[in-house]
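Please keep the sequence and the structure in view while reading.

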Amino acid sequence: MSRKIKMIWDFRGPAASKTAEHHEIHLKEYIAIEKLPLNITGFEIRNEMHAIAFMVVTDEHMTQVRDGLKPHRAELF
């Protein structure tokens, strides 16, 4: 079984929550365009000035997503 990795994009400032919510749309579009077998995306509001968008990938797709979308950070899911 391969590991699952949560790729994370951080957004800060008063518009962070809306920006993260919108970024998730683009993550879903990327999955569809690249025909990736991934289906876990989302966004989380950490506080009024910080929100994240994320995509969960497997080891197999990690390099492609990392190089193509340049997440700010990642963690094991």
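Two strands pair if DSSP finds at least two bridges between them. Helices (H or I, at least four residues) and strands (E, at least two) are DSSP runs, numbered from the N terminus. In these terms, 4 strands form an open sheet in the order β2-β3-β1-β4, with antiparallel pairing. The model is a predicted one, in which local features need pLDDT of at least 70, side-chain atom pairs count only at pLDDT 80 or more, and totals for chains, interfaces and linings use all residues. Residues are numbered from 1 along each chain as its sequence is written, and side-chain values use heavy atoms, with hydrogens and water left out.

**The sheet**

- The edge strands are β2 (41–47) and β4, each of which pairs on one side only.
- From one strand to the next, the twist averages 30°; axes are lines fitted to C-alpha atoms, for helices over the stretch in contact, and angles run from 0 to 180 degrees between N-to-C directions.
- Strands β2 and β3 are antiparallel and are joined by 6 bridges; N47 has H50 in β3 as its bridge partner.

**The helices on the sheet**

- Helix α1 (residues 16–34) packs on the sheet and touches β1, β2 and β3, where contact means heavy atoms within 4.5 Å. The direction of α1 makes about 20° with that of β3.
- Helix α2 (residues 59–69) also packs on the sheet, touching β1 and β3, and its direction makes about 135° with that of β3.

**Strand β1 and its partners**

- Strand β1 (residues 4–12) is mostly covered, as 7 of its 9 residues are buried; buried means under 20% relative accessible area, exposed over 50%, and partly exposed in between (1.4 Å probe, protein chains only).
- Strand β3 (residues 50–58) runs antiparallel to β1, and 9 bridges join the two. Within this pairing, M7 stands opposite M55 in β3.
- Strand β4 (residues 73–76) pairs with β1 in the antiparallel sense over 4 bridges, and I8 stands opposite R73 in β4.

**The nonpolar core**

- A nonpolar core is a set of buried Ala, Val, Leu, Ile, Met, Phe, Trp, Tyr and Cys residues joined through side-chain atoms within 4.5 Å.
- The largest such core has 16 residues, and M55, V57 and V65 have the most contacts inside it.
- At least two residues of this core come from each of β1, α1 and β3; α1 gives the most, with 5 residues.
- Leaving aside residues up to four places away in sequence, V57 touches R3, K4, I5, M7, L38, M62 and V65.
- In soluble globular proteins, nonpolar side chains tend to be buried together.
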